[in-house]
Structures are given as structure tokens and as C-alpha cells.
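Reader: Hi! I have a structure open and I'm a bit lost. Could you walk me through a few spots?

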Amino acid sequence: MIRVTVIVDNRAMRAGLATEHGLAFWIESGAHRVLFDTGAGGALRPNAAALGADLAAANAIALSHGHYDHTGGLVEAWTQPASTALFLHPAALAERYRVSDNGCKVLSMPRPARELTAQHTGALRFTTQPTEVAPNVWLTGCIARRHKMETAHLEPFFLDPSGCVRDTIMDDQALYVVTATGTVVLLGCAHAGVVTTLECIRELTGNAPLRAVIGGMHLRNATPETLAWTIAQLKALDPAMVAPLHCTGEAATRVLAAAFGYRFRAAGAGSLFEFTNHTQPNQEKESTSC
């Protein structure tokens with residue numbers, strides 16, 4: 001049995017859970033526990049406790065990319081560097097900013113978290129290529145951009161506070177779980193493009209069917225043309241379940257719900273997804289609590 005619990009999200013699916021602009025997943029696969037992303041920092045620990053996720057029991061921690069809303073809880077989560085490896089792309093440690101007419105906002109991994117990684121370099125596992133973080137649990141590594149439709153309207157992300165050096169977020173990666181009947185995909189923000197990311201994972205898994213696509217799809221600022229193109233491409237990829245979170249955006253989420261019907265799942269902090277790992281016919285299960 002594979003269990004995926006949404007620990008942190010912008011919204012909660014049950015009373016009593018904290019919300020924030022951030023994302024974190026708790027993956028249970030057999031005897032292994034993996035924390036994928038850590039939220040912005042305030043919601044991880046209380047929500048993990050409420051949902052029965054023992055962060056200290058994680059066999060591995062993985063980061064989708066280096067933005068604060070995915071790395072802010074790292075100091076609280078990574079309490080045992082001697083026994084728990086941290087998987088991340090090396091560019092996740094870079095300084096980064098959002099520079100617009102409204103000013104400059106720091107998007108980097110918080111300084112305490114970066115200092116923690118500097119203190120435990122022996123526990124870092126850099127993921128420039130596809131990397132197995134636990135049995136059948138993989139990170140994609142760097143995802144090459146391929147569709148202009150997904151990159152033509154880049155947000156004003158930069159590697160310098162003056163806004164001169166564009167940040168294409170090449171550290172962006174997704175996590176996927178290989179099962180006997182298909183692939184469960186977890187997205188941090190899909191800055192590489194949700195379609196590009198899923199195509200990459202299909203290629204890495206021998207075109208195995210997509211059992212579920214869960215997470216941030218970064219469609220909150222998508223133009224109508226981009227959103228229509230994305231929906232068409234996602235339908236062609238034929239995922240059995242679509243559960244948007246975090247940066248997908250309310251408008252895009254409504255469009256996804258209409259496009260995928262019974263395959264769409266509303267989700268947020270507290271959502272639990274369970275997947276059997278055998279070749280017999282089975283029914284995926286989804287609930288709003290552990």
C-alpha cells in the first residue's frame with residue numbers, strides 16, 4: 001500500500017489544520033517514509049502531528065525546488081541529518097527573487113535552512129539526474145523545457161535583486177512512485193510545465209499509465225490560451241486522477257474539475273490518497289484525513 005498525505009497546502013480539507021502558501025507531502029511506501037517539500041515553515045509541524053506523520057521517522061527528505069514555500073519548514077523537519085538524507089538539486093540553494101513593479105520579494109530557501117545544509121553536506125544528495133530516494137520512489141532531477149506554451153509567460157523570477165538575471169528555476173523536479181499498474185506523480189510547483197513534467201515521467205517509466213497527478217501545477221496566471229492547451233495535453237496523457245493543489249490557482253482548478261469530471265479530486269491539507277501496489281483490479285481510495 002502506498003499512502004500520500006498532504007501535510008501543508010494553501011487550504012485545508014479538515015478543521016483544525018493550519019494553512020499557508022506552501023506545500024508538503026508525506027509518502028508511506030511499505031516500510032519507507034519520505035517527506036516531499038516542507039511548506040513555508042509555520043504549518044508543517046502542527047499539521048504533521050495532527051495527521052499522525054512522525055517527521056523524525058522519515059527515511060529521506062526531498063525538495064522539489066528552492067523556493068521558500070517548499071523549504072521553509074526544513075529546519076523543523078530535518079532533525080536527524082546523520083540518518084536522513086536530503087535530496088535536492090544543487091540550484092535549490094541559490095538566492096532568488098521576484099522583481100516586479102511592486103518591488104522585490106526574496107523567494108530563496110530561508111537562511112537557517114541553507115545554514116543547516118552547509119553544516120551537513122555529507123547528508124546531501126544532489127539530483128541533477130533521475131534519482132531513487134526510496135524503493136520505487138523517484139525524483140525526476142532537472143527537467144528540460146520543451147513546450148513554449150508553458151514557458152512563454154514566465155513570472156518575474158530572478159537570481160539577483162535588481163532583476164537582471166532571469167531565474168528559469170532549473171532545479172524544479174517532481175517526485176513519482178512506480179507501481180505495478182502505473183505511476184503516482186507528485187508535483188511541487190511544476191515550474192518546468194505540468195505537461196512537460198508528465199511527458200518526462202512517462203518517458204522515464206516506459207510510458208506507464210498515470211494513476212494520479214497530485215500537486216501544484218502553476219497555472220494561477222495562465223492565459224486562457226495556455227490553459228486550454230494544457231487541458232488538451234493533459235487529456236491526451238489520460239491520468240486516472242487529477243488533484244490540483246497550491247499554485248494551480250482557483251480559476252484553473254475549476255477548469256480542471258470541469259474537464260476531468262469524476263477523475264478530479266478536490267484536495268488540500270489533510271487529504272489522504274491510498275494506492276494498492278499489485279496487478280489485480282483495484283479501487284483507488286481518497287479521503288480527507290488519516
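Reader: Which strand is F158 found in?
Author: F158 is found in strand 11. Keep in mind that this is a predicted model.

Reader: Okay! Is F158 buried or exposed, and why?
Author: F158 counts as buried because its relative accessibility is 11%, and buried means under 20%.

Reader: What does F158 touch?
Author: Leaving out residues up to four places away in sequence, F158 touches R96, Y97, V99, G163, C164, V165, R166 and D167.

Reader: And how far is F158 from V106?
Author: In sequence they are 52 residues apart, while in space the C-alpha atoms of F158 and V106 are 9.7 Å apart.

Reader: What's the strand order in the open sheet of three strands?
Author: The order is 7-6-11, with antiparallel pairing. Strand 7 (103-106) and strand 11 (157-158) are the edge strands, and each pairs on one side only.

Reader: How many bridges join strand 6 and strand 7?
Author: Four bridges, in the antiparallel sense, with strand 6 covering residues 97-100. Y97 stands opposite V106 of strand 7.

Reader: Switching topic: which residues of helix 1 are buried?
Author: In helix 1 (residues 44-51), the buried ones are L44, N47, A48 and L51. They span an arc of only 100 degrees around the axis, so they lie on the same side of helix 1.

Reader: Nice! What do those buried residues pack against?
Author: The buried residues of helix 1 pack against strand 1 (2-8), strand 2 (24-29), strand 3 (32-36) and helix 3 (74-77).

Reader: And what comes just after helix 1?
Author: There you'll find G52, which takes a positive phi of about 75 degrees.

How values were computed: Residues numbered from 1 in each chain as written. Predicted model: local features only at pLDDT ≥ 70, side-chain atom pairs only at ≥ 80, totals over all residues. Heavy atoms only, no water. Buried < 20%, exposed > 50% of the residue type's maximum accessible area, 1.4 Å probe, protein only. Helix = DSSP H or I, 4+ residues; strand = E, 2+ residues; numbered from the N terminus. Arc of directions from axis to C-beta. Contact = heavy atoms within 4.5 Å. Pairing = 2+ DSSP bridges.
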